[in-house]
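Here is a walk through one protein model, side chain by side chain. Have the sequence and the 3D view open as you read.

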Amino acid sequence: IFYFSNENRKIYIAKIKQNKIQSDFYNCHTNKVYFIDSNPVASDVICSSTSFGEIHIWDSVKFQTQYNFKASNNINTIHWNPKGSLIGYSTTNRLLTIIDPRSSTEIFQEQITDMNVKTRFVWLNDYSLANIGYQKKDKQFYLNLYDIRHSVKNPFNSKKICSNDSSLTSFVNQELNLIYIAAKDESYIRLYDYS
């Protein structure tokens with residue numbers, strides 16, 4: 001099964017059976033969908049969002065919205081944690097919000113203050129996350145590790161990763177405790193062990 005969207009605000013659910021694509025769609029967003037993430041434990045529970053802050057949690061079997069809410073600013077990252085019990089999203093004003101969708105409650109919200117650019121993050125485990133940010137004062141990109149049980153005002157670990165002003169993408173392998181980082185204008189992938 002895979003999910004995709006296009007200009008018409010629908011999210012298509014495509015199932016591959018006997019070399020044929022059978023598709024259906026969820027159509028409850030009011031703007032273009034930029035982010036789709038399926039729950040890592042309950043694969044039929046989907047979180048989707050527009051960049052304008054509209055977030056839906058919905059059932060891909062019944063096509064029913066279970067929960068929807070609006071972020072305070074434009075979203076640039078949204079992810080389930082590895083256990084599928086929490087959803088985290090970051091906005092363009094560097095605000096990180098963690099929500100428990102089972103009780104529809106916001107359990108954490110804090111601004112990542114040490115970065116000067118949009119914050120994107122990835123979960124490392126159920127309570128820790130990593131983000132890449134740019135500090136204008138020394139013109140460097142940093143990989144920062146945070147624990148949401150404490151604070152994201154200051155990372156518990158930080159590493160300078162590069163100085164060129166480029167767009168960075170990251171991927172986490174939680175089983176191997178590895179973070180992969182690719183930069184737009186570099187021909188190699190950086191690899192960090194966060195164990």
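Let's start with phenylalanine 69, which counts as buried because its relative accessibility is 14%; buried here means under 20% relative accessible area, exposed means over 50%, and partly exposed is in between (1.4 Å probe, protein chains only). Before going on, a word on the ground rules: this is a predicted model, where local features need pLDDT of at least 70 and side-chain atom pairs count only at pLDDT 80 or more, while totals for chains, interfaces and linings use all residues. Residues are numbered from 1 along each chain as its sequence is written, and side-chain values use heavy atoms, with hydrogens and water left out.

For the record, rings of Phe, Tyr and Trp (its six-membered ring) pair if their centres lie within 6.5 Å, and planes under 30 degrees apart count as stacked, over 60 as edge-to-face and the rest as tilted. Phenylalanine 69 lies in strand β7 (residues 64–70) and tyrosine 89 in strand β9 (residues 87–91), so the pair ties together parts that are 20 residues apart in sequence. Strands (E, at least two residues) are DSSP runs, numbered from the N terminus, as are helices (H or I, at least four).

How many aromatic pairs does the structure hold? There are eight aromatic pairs. One of them is stacked: the rings of tyrosine 26 and tryptophan 58 have centres 3.9 Å apart and planes at 5 degrees. This pair links distant parts of the chain, with tyrosine 26 in strand β3 (residues 20–26) and tryptophan 58 in strand β6 (residues 54–59), 32 residues apart. Tyrosine 26 is buried at 1% relative accessible area, and tryptophan 58 is buried at 0%.

There's also an aromatic cluster, made up of Phe2, Phe4, Tyr12 and Phe25. Phenylalanine 25 has a charge over its ring as well: lysine 10 lies over its face, at 4.0 Å from the ring centre. That label applies if NZ of Lys or CZ of Arg is within 6 Å of the ring centre and within 35 degrees of the ring normal.

## Around asparagine 76

Back to tyrosine 89 for a moment: its C-alpha is 5.4 Å from that of threonine 77, though the two are twelve residues apart in sequence. Threonine 77 sits in strand β8 (residues 75–80) and is buried, at 6% relative accessibility.

The side chain of threonine 77 makes a polar contact of 3.4 Å with that of asparagine 76. The side chain of serine 90 makes a polar contact with asparagine 76 too, at 2.7 Å between side chains. A polar contact is a pair of N or O atoms within 3.5 Å; within protein, one must be able to donate a hydrogen and the other to accept it, and residues adjacent in sequence count only if both atoms are side-chain atoms. Serine 90 lies in strand β9 and is buried, with a relative accessible area of 1%.

Which residues have the most contacts inside the largest nonpolar core? They are Leu124, Ala130, Leu143, Ile161, Ile179 and Ile181, in a core of 15 residues. Strands β13 (128–135), β14 (140–147), β15 (157–162) and β17 (178–183) each supply at least two of its residues. Another core, of 13 residues, lies apart from it and includes Ile55, Tyr67, Ala71 and Ile99. A nonpolar core is a set of buried Ala, Val, Leu, Ile, Met, Phe, Trp, Tyr and Cys residues joined through side-chain atoms within 4.5 Å.

## Cysteines without a bond

What is the disulfide count? It comes to zero, where a disulfide is a pair of cysteine sulfur atoms within 2.5 Å. The sulfur of cysteine 28 has its closest cysteine sulfur in cysteine 47, and at 14 Å that is too far for a bond. Cysteine 28 is partly exposed at 37% relative accessibility, whereas cysteine 47 is buried at 1%.
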